[in-house]
Amino acid sequence: MPTDVLTPTPYRVVSRRRCGDDVATFDVTPIDHPIDRAEPGQFAMLWAYGIGEVPISFRGVDAQPGRLRFTVRAVGEVSDALVALTRGDVVGVRGPFGRGWKAETEAGRDIVVVAGGLGVCPLWPVVSHLRADRLRFGRISLLVGARSPADLLDVDDLVRWAELTGAHLGVSVDHPSPGWDGNVGLVTDLLDEVDLDPEITSAFVCGPEVMMLATGRALVDRGLAPERIRLSLERNMACGIRHCGRCQVGPLFACVDGPVVDLASAGHLLEVSDR
């Protein structure tokens, strides 16, 4: 039976771990019935009861029946409450909303995944899909950037995955800390390490919008068609159903027409700030 996307469905936190001073990842399962099945790249409105709700992309949608995974950074009253959740607490979930990555449509092609900061979380289901169907794709490159080594999320898991699948993994930070011996610089600099054939390559990009725009431009400069570069728009959202208008960017509503869009249709919209 389809769920009512306007009414939060209660879920219980069944696992939770800190991923840094202000970031937490938690799994939830439905107390009664689950929301409709989500696609990688879609998002939910997460409700901290008594406080409010915020849009959060699904980090995991296919682990166990009905089980969902989210990663949240504390940046305001609602997200602070979500990060503070502990096992056994209840959270409301509305959704799923928006358009997903549709990675399965790129079978047979080389894949470049570029993530900046928490952008690795919405892309995690793409990585999971590439791993599960590894033989259906060509060369895979995963490029991850963060402000500092402390801001890199679950990079050890990515290292193991790359080793198992033969994928190329590049990691860079803007500001190194003592002991860091990896790349220092913008995540776009890592594209220089990729042997890229633009005719058979598709890209998935998520992170701060200035980073996505720079990455999209760099990929186009390398010969990729803008239609083959998918981005995840980040805009303020409240309703999820194109009613409140808060996420409108030009002719698009990020909650319905996005969040995943291609560079050809939305690249120019990244020049517009929602602040």
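Phenylalanine 204 stands opposite arginine 230 in strand 12. The structure is a predicted model, in which local features need pLDDT of at least 70 and side-chain atom pairs count only at pLDDT 80 or more, while totals for chains, interfaces and linings use all residues. Residues are numbered from 1 along each chain as its sequence is written, and side-chain values use heavy atoms, with hydrogens and water left out.

Strand 11 (residues 201–206) pairs with strand 12 in the parallel sense over 3 bridges. Two strands count as paired if DSSP finds at least two bridges between them. Strands (E, at least two residues) and helices (H or I, at least four) are DSSP runs, numbered from the N terminus.

## The open sheet and its helices

Which strands make up the open sheet, and in what order? The sheet has 7 strands in the order 10-9-8-7-11-12-15, and the pairing is mixed. Strand 10 (183–184) and strand 15 (260–262) are at the edges with a single partner strand each, so one side of each has no neighbour in the sheet.

Helix 2 (residues 120–132) lies across strand 7, strand 8 and strand 11, and runs at about 155° to strand 7. Helix 4 lies across strand 7, strand 11 and strand 12, at about 165° to strand 11. For these angles, axes are lines fitted to C-alpha atoms, for helices over the stretch in contact, and the values run from 0 to 180 degrees between N-to-C directions. Contact means heavy atoms within 4.5 Å.

## Nonpolar cores

A nonpolar core is a set of buried Ala, Val, Leu, Ile, Met, Phe, Trp, Tyr and Cys residues joined through side-chain atoms within 4.5 Å. Buried means under 20% relative accessible area, exposed means over 50%, and partly exposed lies in between (1.4 Å probe, protein chains only).

The largest nonpolar core has 30 residues, of which Leu123, Val126, Leu130 and Trp161 touch the most other members. Two or more residues come from each of strand 7, helix 2, strand 8, helix 3, strand 9 (168–173) and strand 11. Helix 2 gives the largest share of this core, 7 residues. Valine 126, with neighbours within four places in sequence left aside, is in contact with Trp101, Ala103, Val113 and Phe204. A second, separate core has 23 residues, including Leu46, Ala48, Val54 and Phe58.

## Strand 3 and its partners

Strand 3 (residues 43–48) is mostly covered, with 5 of its 6 residues buried. Strand 3 runs antiparallel to strand 4 (residues 52–57), and 6 bridges join the two. Leucine 46 has valine 54 in strand 4 as its bridge partner. The hairpin of strand 3 and strand 4 has 3 residues between the strands, and glycine 50 in this hairpin takes a positive phi near 85°.

Strand 3 also pairs with strand 6, in the antiparallel sense and over 4 bridges. Here the bridge partner of tryptophan 47 is glycine 92 in strand 6.

## Salt bridges

Side chains of opposite charge can pair when their charged atoms come close. A salt bridge is a side-chain nitrogen of Lys or Arg within 4 Å of a carboxyl oxygen of Asp or Glu. The whole structure holds 16 salt bridges.

One of them joins the side chains of aspartate 22 and arginine 73 (3.6 Å, N to O). Aspartate 22 lies in the loop between strand 1 (9–18) and strand 2 (23–30) and arginine 73 in strand 5 (residues 68–73), so this pair ties together parts 51 residues apart in sequence. Arginine 73 also meets aspartate 151 in a salt bridge (3.9 Å, N to O). Aspartate 151 is in the loop between strand 8 (140–146) and helix 3 (155–165), and the two residues are 78 residues apart. Arginine 73 is partly exposed at 21% relative accessible area, whereas aspartate 151 is buried at 19%. Asp22, Arg73, Arg147 and Asp151 are linked in a network of salt bridges.

Glutamate 106 forms a salt bridge with arginine 228, with the closest N and O atoms 2.7 Å apart. This pair links distant parts of the chain, 122 residues apart. Is glutamate 106 buried or exposed? Glutamate 106 is buried, with a relative accessible area of 3%, while arginine 228 is partly exposed at 32%.

## Cysteines

A disulfide is a pair of cysteine sulfur atoms within 2.5 Å. How many disulfides does the whole structure have? A search finds 0 disulfides. For cysteine 121, the nearest cysteine sulfur is that of cysteine 19, 7.2 Å away. Cysteine 121 is buried, with a relative accessible area of 4%. For cysteine 206, the nearest cysteine sulfur is that of cysteine 121, 8.7 Å away. Cysteine 206 is buried, at 6% relative accessible area.
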